[in-house]
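Biologist: Thanks for sitting down with me over this one. Could we go through it together, question by question?

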Amino acid sequence: MTRALLTRLAHGVLLAACALTLAACGHDESSGSSAAFTPTPEQIARGRYLTKAADCAACHTAQDGAPFAGGAPIASPYGTFYGSNITPDKAHGIGKWSADDFYAALHDGNARGKRLYPSMPYTSYRQLSRADTDAIYAYLMTVKPVAVDTPANALKFPYNLRFGMAVWDMLFLKNALPDASAGQSADWQRGRYLANALGHCAECHTPRNVFGQLVDAKPLSGAALGRVVAPDITPAGLAGRGWTAADLQTFFSVGIAPQGSAFGEMYPVVHLSTQYLDKDDVRALSVYLLGDTPPAPQPVKAVNADAAQLAAGRSVYLAVCAGCHGLVGEGKPHVAVPMNGNSTLRQANPHNLLVAMLDGIKTQHFAGLESMQAMPAFASTLSDDELSQLANYLRATWGGQPANVAAADVKALR
Amino acid sequence: MTLAQSAASAASASAAAQPAAQTSAPLERPLVQYRPKALSLTINGKAVGPLQVPEGLMMIEFLHEYAGLTGSRLGCGQGICHACVVILDQPDGSSEEIRTCITGAHFFNGRSIRTIEGHAKRNEAGEVVELSPVQQKFLDHFSFQCGYCTPGFVNAATVLIERLARAPIAKADVESAIMAALDGHICRCTGYVRYYEAVKDVVMSTPGLVKDAA
């Protein structure tokens, strides 16, 4: 708590500094030209594809809301942001915006003079080519205009002082993001653009520093923004959990691979974005994540653990898990993913495993006719002891991870 | 099936499991065979067990093969259709449905459940003398055709009725409460409307379930 207060205090000081800077500069942020823009049908089609690749809908389309009319809440440690209305409605959306304005928003976080927060990932979109932002703009201008106001962000002080973003941008906005993998091939280059610019993977998968900026030294090494932690997707992290390029491609195209299914915030990413990527782009994405010379996928290590603890965990598994996940962790097609070699079990941090067991996972529909049945929440069925025993049995048996989960770890996540 | 028969089949199951256990490893990971483990529970108010039951056996199999209670239906076998649900009675007096096709028998060790066989009143010879209100209304409303899903619907509706008796709801909320309570239950004869009407009939005609019932 004290640390959080200190952080906010530090942020307040930074903000005061930027207020002075701005005052001194007499910064003028009025929008530039509004040159005539006549898109071609090819450009619009391309923009439609890019809009999916950039996953704009994730934040700009609310559940049960009109496409791109905004209102989807984005919870963060700073408060709740709301995706804005980006339909071409002149009063509520971006109908008055020029292609230049649109580029400035994606490239500089400057929405016609208003500083955007990096919840809008201009920090990643900055790397988009002008041709691509124009295509996205062309597509969005063809979307049905919707006259809906965007809810006001509900941010804590001092984060609610938007002008502070000008200094934040000055300090932290970079032209390129660091790479977690090594490569030079055309696929790797294309994958870098897909992952770092369009897909904005780093926004969730790269840890953030005290001012909310991405940590350059640890690209894609995993971060905790929401209830489900974004895992380590560096080449070593992926290979350590058994991922191959082919399995990653299946995961992006379908949402399910032998290592498990997309859940938490990754589920809508697959649902709204990656499943629409063409084969070449999916391949490129997998090449970028693993690098031109991918590390060998690691087999599950044998783990020694306390037999009594494992026996207790196995009893819990047989009582409430084995019906769907199988007696030997083999899973059931279209019902439940295998536990044997499951990527979440293989994470060193048991966080996501515990969250899945406590909260359950809703029914998930994937590309084609694939789906996974709802997993019940066990928060009220199983005690902290039972859940920790179960987690240890799963980790030691199928995850190659130590049986080091304590009842207190479960309690902390309730 | 009598208790003696149950014990006999438990014994044969455990005998079958024994030869497979060649090694005496402290713990087998992952489990590749069933090993017998004692199981005691209360079913429809009667104590059952301890029986030696292979750990990992699903509850629906235990009910059919060990307890001799064949009224609970195995439908999809994967937790979707809810034909197999039984009522789990909690120590605090509340109760909930639980799917026996995906829940291991040993989950119920020391717990108390009700199955479809436990709803009607019986005489000393075990013959049904009076149906439960839910069962009777299902008959009155011709709610079911093939009847395969009916045990699940009876259990779901009974859990709802008992919950409303503890915490009555407003009249305006009755239909949505019934919808929520029966929603998971699938009827392939598609007789849903008559099930829902019958449950509404029970709710409205039983005193104390609806706050503003006139």
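Modeller: Gladly, and let me start with a term: a cavity here is a set of grid points where a 1.4 Å probe fits but cannot get out. Please keep in mind that this is a predicted model.

Biologist: With that in hand, what volume does the second largest cavity have?

Modeller: A search of the whole structure finds 3 cavities of 30 Å³ or more. The largest cavity has a volume of about 100 Å³. For the second largest cavity, the volume is about 50 Å³.

Biologist: How many charged residues are in the lining of the second largest cavity?

Modeller: Its lining consists of L177(A), P178(A), N196(A), A202(A), T206(A), L214(A), V215(A), D216(A), P219(A) and L220(A). Of these, 7 are nonpolar and 2 are polar. Asp counts as charged, and the number of charged residues in this lining is 1.

Biologist: And how many nonpolar residues line the largest cavity?

Modeller: The residues around the largest cavity are T123(A), W168(A), F172(A), L173(A), K174(A), L177(A), Q213(A), L214(A) and D216(A). By class, 2 of them are polar and 2 are charged. The nonpolar residues in this lining number 5.

Biologist: Let's turn to pockets. Which element gives the most to the lining of the second largest pocket?

Modeller: This pocket has a volume of about 840 Å³. Of its 40 lining residues, the closest to the centre are H60(A), S84(A), N85(A), K114(A) and L116(A). Elements that give two or more residues are α3 (57–60), β2 (79–82), α4 (99–108) and α6 (130–140) of chain A. With 3 residues, the one that gives the most is α4(A).

Biologist: How many residues of that pocket lining are nonpolar?

Modeller: By class, 10 residues of the lining of the second largest pocket are polar and 5 are charged. The nonpolar residues there number 25.

Biologist: Which strands are at the edges of the open sheet in chain A?

Modeller: The sheet has 3 strands in the order β1-β2-β5, with antiparallel pairing. β1(A) is joined to β2(A) by 4 bridges, and P73(A) stands opposite Y82(A) in β2(A). Pairing on one side only marks the edge strands, β1 (73–76) and β5 (154–155) of chain A.

Biologist: In the hairpin of β3(B) and β4(B), which residue takes a positive phi?

Modeller: Strands β3 (residues 85–89) and β4 (residues 95–99) of chain B run antiparallel and are joined by 5 bridges. L88(B) stands opposite E96(B) in β4(B). There are 5 residues between the strands of this hairpin, and the one with a positive phi, near 95°, is G93(B).

Biologist: Which residue has a positive phi although it is not a glycine?

Modeller: Look at the loop between β3 (110–111) and β4 (114–115) of chain A. The residue there with a phi of about 50° is R112(A).

Biologist: Where is the proline of the cis peptide bond that joins G49(B) and P50(B)?

Modeller: For comparison, the bond from F157(A) to P158(A) is cis with omega near 5°, and P158(A) lies in the loop between β5 and α7 (165–172) of chain A. In chain B, the cis bond that joins G49(B) and P50(B) has an omega of about 5°. P50(B) is found in strand β2 (residues 46–55) of chain B.

Biologist: Last one: how many salt bridges are there between chain B and chain A?

Modeller: The contact takes 21 residues from chain B and 23 residues from chain A. About 1,900 Å² is buried between the two chains, and carbon and sulfur atoms give 60% of that area. The count of salt bridges between chain B and chain A is 0.

Terms used. Residues are numbered from 1 along each chain as its sequence is written. Chains are lettered from A and ligands numbered from 1 in the order in which they are written. This is a predicted model: local features need pLDDT of at least 70, side-chain atom pairs count only at pLDDT 80 or more; totals for chains, interfaces and linings use all residues. Side-chain values use heavy atoms; hydrogens and water are left out. On a 1 Å grid over the protein atoms alone, a cavity is a set of points where a 1.4 Å probe fits but cannot get out, and a pocket is an open set with protein on both sides within 12 Å along at least five of seven lines; lining residues have an atom within 4 Å of a point. Grid points are joined across faces, edges and corners, and a volume is the space filled by probe spheres set on the points. Two strands pair if DSSP finds at least two bridges between them. Contact means heavy atoms within 4.5 Å. Buried area is the accessible area (1.4 Å probe) that two parts lose on being put together, summed over both. A salt bridge is a side-chain nitrogen of Lys or Arg within 4 Å of a carboxyl oxygen of Asp or Glu.
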